[in-house]
Amino acid sequence: METSSKTVLVLGASGGIGGEVARQLRDTGWVVRGLKRDLPTAHAQSDGIQWLRGDALNAADVLAAAQGCDVIVHAVNPPGYRDWDRLVLPMLEHSIAAARALGATLLLPGTVYNYGPDAFPLLHEDAPQRPVTRKGAIRAEMEARLRAASETGLRVIVLRAGDFFGPRVGNNWFSQGLVKPDKPVTSISNPAAAGAGHQWAYLPDVARTMVELLERRATLPAFANFHMSGHWDASGRELAEAIQRVVVAQGGKPPRISAFPWWLLTLASPFVTTFKEMREMRYLWRQPVRMDNSRLVAALGREPHTPLDEAVEASLRGLGCLPAHCTSKGTGQP
């Protein structure tokens, strides 16, 4: 069932998941607004998105940008993992306040960080959230505040997925760990322990799922939370092996797969905040973590899904890791 109003504010529209969902909403007929602190006048209508000057840390800016919107997508995060404890919850509160004032639905891209090992290996939406990291504790508090707000009238959608990968450079393991953007793939640095299954999520599929959930928002519970199955890497090597296949198919030599240098993060983490946060998430690579998507399938009828090699090829091409003269056989879209 579709709802008739289609105006959305995407906070974080210049980022990875925010940008992808903003473009897909635009392409399906939504009027999309984005918020930027530094906005040149010439860019106010770029990419088919209505860009507004403002800051997610300013409640008045968020409320002004959301006027007339039926949906707020809260996909904004502090860059480089910095100042999470100080910035994340105030930004969310501004989105909650704006959505409540306007009667808008609030959508949050969720993570598995808010769950601890007691919820694994098969992760269900309503498993107890007992995080073991600082970032996980903040994510759990975000969802707790959204659930509380939903009990007093706010409509909330949370979509959790595995580690992102996709055609655009972003703050994710694929583009910052396994491969190096703008360089041919000669080696693959695999963070998973041997035999530890891992959940991956292709960004265009995640965004497509969000679009379809928003189209059905009037039929969903006040607090609707879902898991995507994405791409399940049962051995912890299947994604790396897919990268190998794609590189060879494009005329390259098979890149070697080596273990991710966790020791390097340990040495550098006192000096580099990003490395410190990445190291804290190592527990997710040491044991199988699989997400059950049966609730999502019940709501949508199926999960949008791009075949693995097609998704990997589109990602490598978008990251500049494949020869420019090669023509992709897939679109990367579900």
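The model is predicted, so residues are numbered from 1 along each chain as its sequence is written, local features need pLDDT of at least 70, side-chain atom pairs count only at pLDDT 80 or more, and totals for chains, interfaces and linings use all residues. Side-chain values use heavy atoms, with hydrogens and water left out.

The average pLDDT of the protein is 89, and 89% of the residues score at least 70; pLDDT is the predictor's confidence in each residue, from 0 to 100. Over residues 325-334 pLDDT stays under 50, and the model has 25 contacts beyond four places in sequence for these residues. Contact means heavy atoms within 4.5 Å. Where pLDDT is low, the predicted coordinates should not be read in detail.

The protein contains eleven helices and 14 strands. Helices (H or I, at least four residues) and strands (E, at least two) are DSSP runs, numbered from the N terminus. Of the 334 residues, 54% count as buried, where buried means under 20% relative accessible area, exposed over 50%, and partly exposed in between (1.4 Å probe, protein chains only). Among contacts between residues at least 6 apart in sequence, 75% join residues at least 24 apart.

Strand S1 (residues 7-11) pairs with strand S2 (residues 31-36) in the parallel sense over four bridges; two strands pair if DSSP finds at least two bridges between them. Opposite Thr-7 stands Val-31 in S2. From S1 the chain passes through helix H1 (residues 16-27) to S2, and this β-α-β crossover is right-handed. A crossover is right-handed if, with the strands pointing away from the viewer, the path from the first strand over the helix to the second runs clockwise. S2 also pairs with strand S3 (residues 50-53), in the parallel sense and over four bridges. Here Lys-36 has Arg-53 in S3 as its bridge partner.

Nine aromatic pairs occur in the structure. Rings of Phe, Tyr and Trp (its six-membered ring) pair if their centres lie within 6.5 Å; planes under 30 degrees apart count as stacked, over 60 as edge-to-face and the rest as tilted. Phe-165 and Phe-174 form a stacked pair, because their ring centres are 5.4 Å apart and their planes lie at 25°. Phe-165 is buried, at a relative accessible area of 0%, and Phe-174 is buried at 0% relative accessibility. The pair of Trp-173 and Trp-285 is edge-to-face, because the ring centres are 5.3 Å apart and the planes lie at 65°. Trp-173 lies in helix H5 (residues 173-178) and Trp-285 in the loop between helix H9 (273-280) and strand S14 (290-291), so this pair ties together parts that are 112 residues apart in sequence. Both tryptophans are buried. One aromatic cluster includes Phe-165, Trp-173, Phe-174 and Trp-285, together with Trp-200, Tyr-202, Phe-260 and Trp-262.

Two further residues were examined. Thr-105, in strand S5 (residues 105-110), is buried with a relative accessible area of 5%. Apart from neighbours within four places in sequence, Thr-105 is in contact with Asp-70, Val-71, Ile-72, Arg-155, Ile-157 and Arg-217. Ala-314, in helix H11 (residues 308-318), counts as buried at 11% relative accessibility. Ala-314 and Arg-168 are 146 residues apart in sequence, and their C-alpha atoms are 9.4 Å apart in space.
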